[in-house]
Amino acid sequence: MTVWLPIVLPAGIAAACLFVSWRAWRRRNLNPNGHWGGALGIAAAFFAAHVVLLGRPSFPPGQSAEWLAWMAVPLAAAGIAQRWWGGRWFAAWPVRLLLSIGFCILLLRARIENDWYGSAVYLWIGCLAVALAAQWFSLESLAAIRPGASFPLSLAVLCVVSAGTFTLAGSASIGQISAALAAACGSAVILAWWAAGLSLRGGAMTAFVPLYYGLVLRSYFFGELTPWSAGLLLAAPFALWYGELRRFRFARPWKSALVRAALIAAPALVALGIEWWSKARSEEMY
Amino acid sequence: MKFVQAVFGTAAMVLASASAFGADFNVDAVHSSAIFKVKHMGASYTYGRFNEIAGQISFDPSKPEASSVQVTIQAESVDTHNEMRDRHLRGPDFFDTKEHPTLSFKSTAWKKTGDRTYDVTGEITMRGKSKTITVPVEHVGDGKDPRGRELTGFHTAFRVDRSEFGIVYGLPDGAGKDVDIILSIEAIKK
């Protein structure tokens, strides 16, 4: 049970939040605009995984892993607020960009203090923040037009492949948290299959995107994830747009879901392959 | 005249010995070691070391409570005779060296317990987390190197629970929770 707890607990928490907020027992008349449970479920699952795997994060946070865990709390609150009170202001570009800059600074504080100087700080933080904001908008737009199981399935596939990639890159603890995030998305897949029409729009991506992005940044900047792999993992969610082409959009639901899962998995699998290859070349397995 | 020389000679010797009693030293990285061992899969011990040590010691055997020690180790210099394992140890699963480049010990109190032994209480910091511990320290001896520099040496062996510092990867069976550390320090008088 101990081995499975970091998977089962986040999955259970996410499932409970999604089930209650969506009132999934009705199975009909589901609100296509999503519910507050998406953000809460994903953020709570992430925090629970951190507690089970790495212990309760200290407050105030002293390291990037703890910062990331505690960020789940305001991200959940922002996601809930976005759903309940509309949140047009929150969805605005400048707001997202400012939040992305703050997120990257808090997460990469050690690199800023120890390794980067002058313009390098502005360059790194600026580029990373723009990429995060772009990914936020991209996945929120996709969540809005893709209700049902296919969207959370794509995210679950991304997190599973990323978990393997992080582990091969020497950051097994980050990989385990990514697996927990996959389990949370997996809960949404099961619920959406059972009650078609469930949607992750309206706040869920407010929590998911920075938390997943944070795992990639941690594995790259503090672990040994190669630049190619990091780039591929961050680019993978954008591949979902290819699934919106006419010929895929009007395919049968199961076919369309598989295509989307394959599209997001492809770049992530290349990243996994890169990490596997660089590890397999080493003659010093231990 | 001989009497005056004798008086001044004796006074000089007394002053010299007095300065030897209360003196400041720099840790000599070449002749100092930080070694650790940890259980692997419950079957055996794996040994490792840190290759970069620095620090200062202020030692006064006549007044040990006034002594102090501060040792800093570069976490990046971890060496377990396997490059892949060393890279893993430097990463986020263990020492997280890019975020926490150093491990350190800074004494807060010295207490004499025997002829050349002391209990030194201080703050050990690993992976950004600090804990207060008391370690038994042996003052190994004093000496002079070929260049005439005065040396002093200390040795300590103690155990830490790595989970208290947030290093929980591989627990409970992969790599043991208890890490036995040996610090053998040689220091050169400033």
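**View 1. Helices α9 and α10 of chain A pack against each other in this predicted model.** Helix α9 covers residues 172-194 and helix α10 covers residues 204-221. Their axes lie 10 Å apart, at an angle of about 160°. An angle over 145 degrees counts as roughly antiparallel, and the two helices are therefore roughly antiparallel to each other. Their crossing is left-handed.

**View 2. Residues of α9(A) meet residues of α10(A).** From α9(A) come A:Ile174, A:Ile177, A:Ser178, A:Leu181 and A:Cys185. From α10(A) come A:Phe208, A:Tyr212, A:Leu215, A:Arg218 and A:Ser219. By class, this contact has seven nonpolar, two polar and one charged residues.

**View 3. A:Ser219 sits in helix α10 of chain A.** A:Ser219 has a relative accessible area of 0%, so it is buried. Neighbours within four places in sequence aside, A:Ser219 is in contact with A:Phe166, A:Ala169, A:Ser171, A:Ile174, A:Glu224 and A:Leu225.

**View 4. A:Trp93 and A:Phe137 form a stacked pair.** The count of aromatic pairs over all chains is 17. In this one, the ring centres are 4.7 Å apart and the planes lie at 20°, so the pair is stacked. A:Trp93 belongs to helix α5 (residues 93-107) and A:Phe137 to helix α7 (residues 119-145), so the pair ties together parts 44 residues apart in sequence. A:Trp93 is partly exposed, at 44% relative accessible area.

**View 5. A:Tyr220 and A:Phe221 pair edge-to-face.** Their centres are 4.7 Å apart, with 70° between the planes. A:Tyr220 is partly exposed at 23% relative accessibility, whereas A:Phe221 is buried at 3%. Ring pairs link A:Tyr220 and A:Phe221 with A:Trp116 and A:Trp124 into a cluster.

Methods:
Residues are numbered from 1 along each chain as its sequence is written. Chains are lettered from A and ligands numbered from 1 in the order in which they are written. This is a predicted model: local features need pLDDT of at least 70, side-chain atom pairs count only at pLDDT 80 or more; totals for chains, interfaces and linings use all residues. Side-chain values use heavy atoms; hydrogens and water are left out. Axes are lines fitted to C-alpha atoms, for helices over the stretch in contact, and angles run from 0 to 180 degrees between N-to-C directions. Helices (H or I, at least four residues) and strands (E, at least two) are DSSP runs, numbered from the N terminus. Angles under 35 degrees count as roughly parallel, over 145 as roughly antiparallel, 65 to 115 as roughly perpendicular and the rest as oblique. A crossing is left-handed if the near helix is turned anticlockwise from the far one by less than a right angle, and right-handed if clockwise. Contact means heavy atoms within 4.5 Å. Ala, Val, Leu, Ile, Met, Phe, Trp, Tyr, Cys and Pro count as nonpolar, Asp, Glu, Lys and Arg as charged, and the others, Gly among them, as polar. Buried means under 20% relative accessible area, exposed over 50%, partly exposed in between (1.4 Å probe, protein chains only). Rings of Phe, Tyr and Trp (its six-membered ring) pair if their centres lie within 6.5 Å; planes under 30 degrees apart count as stacked, over 60 as edge-to-face and the rest as tilted.
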